[in-house]
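Open the model in your viewer and keep the selection panel at hand. We will go from stop to stop, and at each one you get something to select and something to look for.

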2 protein chains.
Amino acid sequence: MKFSSEFADELDELLRWRRDVRHFRREPLPDGLLESLLERAALAPSVGYSQPWRFVRVDESERRSAVIASFERANAAALASYHGDDAHHYAQLKLAGLREAPVHLAVFCDEATRTGKGVGRATMPEMLDYSAVMAVFVVWLAARARGIGMGWVSILEPDIVTATLEVPTDWRLIAYLCIGYPTEENDTPELARTGWEHRQPIEILAR
Amino acid sequence: MKFSSEFADELDELLRWRRDVRHFRREPLPDGLLESLLERAALAPSVGYSQPWRFVRVDESERRSAVIASFERANAAALASYHGDDAHHYAQLKLAGLREAPVHLAVFCDEATRTGKGVGRATMPEMLDYSAVMAVFVVWLAARARGIGMGWVSILEPDIVTATLEVPTDWRLIAYLCIGYPTEENDTPELARTGWEHRQPIEILAR
């Protein structure tokens with residue numbers, strides 16, 4: 001299987017325009033689209049072919065409200081940890097699109113899975129979580145290629161989100177995702193556009 | 001920025017043919033290619049734009065030998081943990097291409113980075129590691145789009161690999177990667193082809 005240089009260039013564009021989205025239109029996704037994204041997620045790499053990713057769609061308004069309340073508590077605590085200009089700046093950041101996004105998707109890792117019979121994770125057990133992280137990234141890229149945006153919300157209390165969703169006790173929360181059509185698209189991270197942080201030079205990243 | 005449905009379909013093909021590679025040709029990569037892959041990795045998502053990924057190319061033969069010795073110890077210990085048919089089967093698996101791959105690349109997460117000022121990781125500090133994981137996945141996809149294979153080796157003693165590479169003490173080993181031209185390409189995981197594990201039905205992965 002060979003890929004053309006045009007495809008490789010377009011993949012670069014996809015990576016550049018992948019960005020975390022916090023501004024969503026409320027319009028729902030077409031029927032079946034989320035399901036097709038999750039089937040693609042199952043093509044992610046996983047340690048020992050363990051496939052430990054578990055996806056939970058959060059549709060019930062009570063559950064969504066509990067997650068939003070958790071975000072608001074965690075975000076208020078985070079704000080309180082900053083001082084001066086940083087606190088002023090943090091208060092103006094929009095860090096999640098939980099209220100607007102039509103789809104809330106929680107991603108867990110089944111820490112007790114026997115699939116793959118433990119290959120590759122005796123000395124690095126965190127590989128199981130990393131496998132679920134890569135499944136999240138597949139959803140992100142496959143969504144963006146179809147004009148759909150995703151935002152990863154980590155300003156949450158994982159214990160509360162996990163309890164709210166009533167998943168098996170061996171499941172660990174990896175990601176809470178907002179998915180929907182973005183109000184605008186951008187190739188620059190929102191935290192760079194707002195001046196919170198800038199891109200690091202490659203020299204400090206590689207040796 | 002809009003992507004065509006042809007591109008989205010070809011992205012699906014890329015995901016299907018991305019697979020972990022353990023059989024490499026010894027031929028080196030063209031000059032500058034690895035560097036261009038690492039620049040793309042910097043387009044990965046990172047919590048609070050923290051960009052915590054740190055790449056270390058391992059070229060010195062003494063260091064490579066130390067990593068290979070670590071793999072062999074960890075692999076022997078893993079083999080000893082299986083019994084009966086599983087032990088017989090495990091002994092036949094080829095789980096790394098460390099001897100043949102022209103490029104060894106270690107990926108670390110700088111746990112002490114101040115970039116991003118801590119946004120998004122107060123309640124889920126593991127987000128920093130997850131950011132480095134996504135950078136690994138970008139390298140994987142960008143490499144495969146150019147006909148280059150990658151294998152992620154996690155059957156290693158992370159403390160020994162980290163000490164061998166003499167990186168700052170705050171850097172945590174996320175991944176040890178073999179990169180090079182594959183001897184063959186495949187759209188099915190090697191662990192599925194050898195019968196070690198099979199693909200899980202989507203029903204158990206989503207709810």
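Predicted model: local features only at pLDDT ≥ 70, side-chain atom pairs only at ≥ 80, totals over all residues.

Residues are numbered from 1 along each chain as its sequence is written, and chains are lettered from A and ligands numbered from 1 in the order in which they are written.

**Stop 1: two loop residues**

Select K117(A), in the loop between β2 and α5 of chain A. Its phi is near 50 degrees, a positive value in a residue other than glycine. The scale used here calls a residue buried if 20 or more other C-beta atoms lie within 10 Å of its own, exposed if 12 or fewer, and partly exposed in between, with C-beta atoms placed from the backbone.

Now pick E166(A), in the loop between α6 (158-165) and β4 (171-180) of chain A. E166(A) also has a positive phi, about 50 degrees, although it is not a glycine. With 8 other C-beta atoms within 10 Å, E166(A) is exposed.

**Stop 2: the two chains together**

Show both chains. Chain A can be laid on chain B by a turn of 180 degrees and a shift of 0.0 Å along the axis, with an RMSD of 0.0 Å. That is the relation of a two-fold axis. The same surface serves both copies, as 100% of the contact residues of chain A recur in chain B. The superposition is by least squares on the C-alpha atoms of residues with pLDDT of at least 70 in both copies.

Next, select the side of chain A that touches chain B. Here 70 residues of chain A are in contact with 70 residues of chain B, where contact is defined as C-beta atoms, placed from the backbone, within 7 Å. Which helix gives the most to this side of chain A? It is α1(A), with nine residues. Elements that each supply at least two residues include α1 (5-16), α3 (61-80) and α5 (127-144) of chain A. By class, this side has 42 nonpolar, 10 polar and 18 charged residues. In that count Ala, Val, Leu, Ile, Met, Phe, Trp, Tyr, Cys and Pro are nonpolar, Asp, Glu, Lys and Arg are charged, and the others, Gly among them, are polar.

While you are there, click A78(A) in helix α3 of chain A. A78(A) counts as partly exposed, with 19 C-beta neighbours inside 10 Å. Not counting residues up to four places away in sequence, A78(A) touches I155(A) and A122(B).

**Stop 3**

Colour L34(A), L37(A), L38(A), R40(A) and A41(A), the buried residues of α2(A). They cover an arc of only 155 degrees around the axis, which puts them on the same side of α2(A); the arc is that of the directions from the helix axis to the C-beta atoms. Their cover includes β1, β2 (103-110) and α5 of chain A together with α1 (5-16) of chain B.

Move on to V138(A). Leaving aside neighbours within four places in sequence, V138(A) is in contact with R40(A), A41(A), L43(A), A44(A) and L15(B).

**Stop 4: strands in chain B**

Select β4 (residues 171-180) of chain B, where 10 of 10 residues are buried. Strand β2 (residues 103-110) of chain B pairs with β4(B) in the antiparallel sense over eight bridges; pairing requires that DSSP find at least two bridges between the strands. Along this pair, C109(B) stands opposite R172(B).

Strand β3 (residues 149-153) of chain B also runs antiparallel to β4(B), joined by five bridges. Look for G151(B) with its bridge partner C178(B), and for M150(B) opposite I179(B). G149(B), G151(B) and V153(B) point one way from β3(B), M150(B) and W152(B) point the other way, and all are buried.

Terms used. Contact = placed C-beta atoms within 7 Å. Helix = DSSP H or I, 4+ residues; strand = E, 2+ residues; numbered from the N terminus.
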